[in-house]
Amino acid sequence: MNAVITGVAGYVPDKILTNKDLEKLVDTNDEWIKSRTGIETRHILEDGKGTSYMGAKAVEDLLSKTNTKPEEVDLLICATVTPDHVFPSTANIIGDIVGAKNAWSFDVNAACSGFLYALTTGSQFIETGKYKKVVVVGGDKMSSIIDYTDRTTCVIFGDGAGAVMLEATEENVGIKDSILYSDGAGKKHLFQKSGGSVSPATEETVKNREHFVYQEGQPVFKAAVTGMADVSAEIMEKNNLTSEDVSWLVPHQANLRIIDATARRMGLSTEKVMINIQKYGNTTAATLPLCLADWESQLKKGDNLILSTFGGGFTWGAMFLTWGYDSN
Ligand code: UT7
């Protein structure tokens, strides 16, 4: 029994933050941002709404597209680093909004690799035959933890969410393999200093701006290029795939240069690479499902996809799957 994606949906908020807008906030410019990252715009969720709002929008669309009643969902997993609250989980809240009354639900925190971790986790429950319908969401309101006075991070991130439906199939399609890694030694280069149990919020932590993303760009960039390219090549070799066999690379959208390096290592031309970083920036756990949603109409049953990520933790990994349907 294989777990196969039977539907996908994405949601980004209407409000757009352009490179020109950022020029007014910090000492940066459109040319620097475009040439170093590939980003032109990102979408920003309004104050007072959280990640569950975007996740629920994506799941509602997903249920409608797949003709699924909310009560039919067995399990709902949400990958995020920007949960609505420390607890309960954002997955619990999304389940309540969409009416998934019979599903149990939980969050996965693996930063930018969260969606791949959650998809791998969800697929196990389908493959064992335990459940029939598993919804996997990736969503982040990165604007809630971004310091808009720090030019090294505020130009990169955006808000969004995406969701997929996993169901069982006996056909030769679906999730074939995944390779996942983590290395907590990477924490020092990319993390949020305060707000967790080791350093709860105080006046001091707020004054020192410790509730925002802290990132040392260069070491993360180097680790990301190596990690994403290596694991993508590794999953191809393990499954005897040549670049001809791969229809699409679905890469985490952190930096166009990291995506290019990964595609080069896999021997793929840019036409086979899903790239939407210019529109959304880095939406952390949402990048992969937003790519699938944007490209859904071009995907054909039998297409071989490699999903590939790298993020905070460090966490990284790749998945090989065969697409299961032609979109109408
Ligand atoms: O998804 C989670 C994982 N995260 C990533 O994968 C991000 C990985 N890192 C990166 O993508 C890149 O390192 C960045 C986009 C964050 C930075 O690009 P870079 O080419 O590595 O730049 P840099 O940090 O080496 O900085 C080069 C220069 C510096 O100035 P000096 O010291 O050479 O005078 C920076 O201060 O660019 C400066 N700089 C900027 N200039 C204009 C940094 N940010 C900006 C900015 N606008 N926004």
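**Charged pairs along the chain**

There are 12 salt bridges in this structure, which is a predicted model. As background, side chains of opposite charge can pair when their charged atoms come close. Let's visit some of these pairs in turn.

Begin in helix α1, which covers residues 19-25. Here the side chains of lysine 20 and glutamate 23 form a salt bridge, with 3.6 Å from N to O. Lysine 20 and glutamate 23 are three residues apart, about one turn of the helix. Glutamate 23 has a relative accessibility of 28%, so it counts as partly exposed.

Now step to aspartate 27, whose side chain meets that of arginine 151 in a salt bridge of 3.7 Å, N to O. Aspartate 27 sits in the loop between α1 and α2 (30-37), while arginine 151 belongs to helix α6 (residues 151-154), so this pair ties together parts that lie 124 residues apart in sequence. How accessible are the two partners? Aspartate 27 counts as exposed because its relative accessibility is 62%, whereas arginine 151, at 46%, counts as partly exposed.

Our last stop is the salt bridge between the side chains of aspartate 177 and lysine 238, at 2.9 Å from N to O. Aspartate 177 is part of strand β8 (residues 174-182) and lysine 238 is part of helix α8 (residues 217-238), so the pair ties together parts 61 residues apart in sequence. Is aspartate 177 buried or exposed? With a relative accessibility of 14%, aspartate 177 counts as buried, because buried means under 20%.

Methods:
Residues numbered from 1 in each chain as written. Predicted model: local features only at pLDDT ≥ 70, side-chain atom pairs only at ≥ 80, totals over all residues. Heavy atoms only, no water. Salt bridge = Lys/Arg side-chain N within 4 Å of Asp/Glu carboxyl O. Helix = DSSP H or I, 4+ residues; strand = E, 2+ residues; numbered from the N terminus. Buried < 20%, exposed > 50% of the residue type's maximum accessible area, 1.4 Å probe, protein only.
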